[in-house]
Amino acid sequence: MTAVRSMVLLAFAACAQVAHADEPLRADEGIGFYIGIDNLATVASGTFAGQANPNYGRLTFLFDHGNHFHGIGAYSHTGTANAPIVNGTNANNRLPELYSRIDPLPGTLALTAGSGDYAGMWVSGVLGEDVPHHEYSYLGMSSIQSLAGNAADSAEAILFNSSSNRWNAALDGVQVALKLEYATPGLKVAANGDMDLFDSGNLYLLGDGNAFDFLPTFWVDSAAAAGSYTAQFSLVNLGSNTAVRDGGTFYIDFAVPAPVPEPSTWAMLLAGLFMLGHVASRRT
């Protein structure tokens, strides 16, 4: 029974990885996420169907999932239908998405050894296709409007107009900023030659709502302790169009690997074990 259960789990994990194997539309640019405005005024289904959508008119962080988006960290309801409570995030607010974290695969994005300007650091980057959660490692962000203006049957247009045009509104008068709510000590964000975007404040302007690309690199020093590192963000509108409201909070989780012993360390360890074994054999 145990063997059968293990085979089923492995098969399920393999299928799940295949299901998420599609590359984002702008993979060659490192972009897998978009920022748009939620046009859905009323909750369409579930416990709170028919009630006002708390995410309506808000900036929303969107994951490119092929022919549709996943809203990450959008405002949502909790509580009961008769007594709804507005929550400034949702259950699907972490990257990699929680439902994709299949045991025993790691649930975080692996940081890897950097080079060049990032020498001596563990850094984010696009992971190999055989690495768990590869599809979430395209951490570049762009305006939803970067997908506009394509042929109606193109992949770009299908994604842009998905969910009955829920996300495709123009971001006129919007200046999108990324707000760092929290980061594990030691985790930094770099872009455009600036190695620490949040060293003097917690807001970083991405740009005009209709036309921006943002390609961040997350990093820690190579001497950082092994384990999980998290950055928590929200989206803020700094523009004149006050009808567009700030977005909910979302998290990006990373992993720093445990250090691999140098060959000389292994040699010393083996020599020590040999000596212990030799002493023990003489005592017996």
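Colleague: How many bridges join β8 to strand β9, and how do these strands run?

Modeller: Two bridges join them, and they run antiparallel. Strands here are DSSP runs (E, at least two residues), numbered from the N terminus, and two strands pair if DSSP finds at least two bridges between them. Thr 112 has Val 123 of β9 as its bridge partner. This is a predicted model, in which local features need pLDDT of at least 70, side-chain atom pairs count only at pLDDT 80 or more, and totals for chains, interfaces and linings use all residues. Residues are numbered from 1 along each chain as its sequence is written, and side-chain values use heavy atoms, with hydrogens and water left out.

Colleague: Which order do the strands of the open sheet follow?

Modeller: The four strands are ordered β8-β9-β15-β12, with antiparallel pairing. β8 (112-113) and β12 (188-190) stand at the edges with a single partner strand each, so one side of each lacks a neighbour in the sheet.

Colleague: Which residues touch the most other members of the largest nonpolar core?

Modeller: In soluble globular proteins, nonpolar side chains tend to be buried together. A nonpolar core is a set of buried (under 20% relative accessible area, 1.4 Å probe, protein chains only) Ala, Val, Leu, Ile, Met, Phe, Trp, Tyr and Cys residues joined through side-chain atoms within 4.5 Å. Here the largest has 48 residues, and Leu 59, Phe 61, Val 176, Leu 178, Phe 218 and Phe 233 touch the most other members. Strand β1 (residues 31-37) gives the most to this core, with five residues. Apart from it lies another core of five residues, including Tyr 118, Val 123, Ala 190 and Trp 219.

Technical notes
Buried means under 20% relative accessible area, exposed over 50%, partly exposed in between (1.4 Å probe, protein chains only).
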